[in-house]
Amino acid sequence: MNYQFLLETFFVALSGVPIALLVTVVALFIALPLGFLLALTRINNIPVIHHLAKIYVSFVRGTPIIIQIFIIYSSIPLMLKIIFEKYQIPYDIYKINPIWYAFIVFAFSSTAILIEVFRSALSTIEKGQLEAAYSVGLTTFQAYTRIIIPQALVVALPNICTATVNLVKATSLGYAMSLPEITLKAKVAANVGYNYVEAYLDIFIVYLILCSTVEYLFKRYEKYLSKYKAANA
């Protein structure tokens, strides 16, 4: 065991944390509202969209995320190339920063997971509360923002936490898109002296710290929201 390399590479791996967090935050920023809206389409059985959302969820949950990465990372450049050539757009699509593909891939995967999270949470809210909101003159938007969503959020938060932690861990697959995140930086450092055991141990430690921090923050927020749950009980 090369302890000097282990220590040095730990900080190399640590330098990839901002990229991993950026991908996580952007993917969640896209996936949370989309997941909620598509969950509503499933609960309300909106024609066509309901079935498309169901197929979408089945596809994502039934396939490994690494395969989704390969499909999206390979197909998007080809589609863009066809479009750019058709409209004579002078841009080399192979110069696109891989982080944009990472945003798409992880938002695509997270949205499907969050659809089921929100669908489950919204199912726990009594329909009578929405009707009561209408009876006092609230609009649908006001009813959801003031009554339905706050209650559903309390129920959904533990599962959102799990989805977020899984998303953070999934960013370790960003190396497949040449994304300079934690895993790729550590593996590149290990290539020189073949110190892969030390590199993987560094990756393990960095992700353990990162995911533990995310879980801690969610637990604090869940504790904060539980006060309102108790007050409404």
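Visitor: Which residue follows H2 with a positive phi?
Guide: Asn45, with phi near 50 degrees. This is a predicted model, where local features need pLDDT of at least 70, side-chain atom pairs count only at pLDDT 80 or more, and totals for chains, interfaces and linings use all residues. Residues are numbered from 1 along each chain as its sequence is written, and side-chain values use heavy atoms, with hydrogens and water left out.

Visitor: Where does H2 bend?
Guide: At Ala31, by about 25 degrees, and Pro33 follows within four residues. The bend is the angle between axes fitted to the seven residues ending there and the seven starting there. Helices are DSSP runs (H or I, at least four residues), numbered from the N terminus.

Visitor: Switching topic, how many aromatic pairs are there?
Guide: A search of the whole structure gives 11. Rings of Phe, Tyr and Trp (its six-membered ring) pair if their centres lie within 6.5 Å; planes under 30 degrees apart are stacked, over 60 edge-to-face, the rest tilted.

Visitor: What about Phe36 and Tyr144?
Guide: Their centres are 6.4 Å apart and their planes at 85 degrees, so that pair is edge-to-face. Phe36 is in helix H2 and Tyr144 in helix H7 (residues 140–170), 108 residues apart.

Visitor: Which residues form a cluster with Tyr144?
Guide: Phe36 and Phe118.

Note on methods. Helix = DSSP H or I, 4+ residues; strand = E, 2+ residues; numbered from the N terminus.
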